[in-house]
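Trainee: I have a new model to go through. Can we take it step by step, fold before detail?

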Amino acid sequence: MSDRTELTILLFASVAELYGRDELRLPLQAGERVESLLQRIAEAIPEAASVVACSRLARNERFAEPGEVIEATDTVAVIPPVAGG
């Protein structure tokens, strides 16, 4: 069995608008951390890279810390900054 699986990443607000879709599918490497996944999302959506760079990743409906490991069963979303915050 491969250690790679595909992860669906939910996109919101300006990231979804710039990408033209509300989700992105990327292969997930075993042991991948939040910080590296955010970097790969920015690379996969170059038109939204500057917004992704200042966004947070939510994991299972809670903001994730950069060093957290992403699991294949996680619900993952890119949360861009909002006005006033």
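Trainee: How many helices and strands does the protein chain have, and in which pattern?

Mentor: The model is predicted: local features need pLDDT of at least 70, side-chain atom pairs count only at pLDDT 80 or more, and totals for chains, interfaces and linings use all residues. Residues are numbered from 1 along each chain as its sequence is written, and side-chain values use heavy atoms, leaving out hydrogens and water. Helices (H or I, at least four residues) and strands (E, at least two) are DSSP runs, numbered from the N terminus. The protein chain has three helices and five strands, in the pattern β-α-β-α-α-β-β-β.

Trainee: What is the radius of gyration of the protein chain?

Mentor: It is taken over C-alpha atoms, and the globule rule is 2.2 Å times the number of residues to the power 0.38. For 85 residues that rule gives 12 Å, and the protein chain is close to it, so it is as compact as a globular protein of that length. The value is 12 Å.

Trainee: Is serine 55 buried or exposed?

Mentor: Serine 55 sits in the loop between α3 (49–53) and β3 (56–59). Buried means under 20% relative accessible area, exposed over 50%, partly exposed in between (1.4 Å probe, protein chains only). At a relative accessible area of 8%, serine 55 is buried.

Trainee: Which residues does serine 55 touch, not counting those up to four places away in sequence?

Mentor: Contact means heavy atoms within 4.5 Å. Residues up to four places away in sequence are left out. That gives Val15, Leu38, Val78, Ile79, Pro80 and Pro81.
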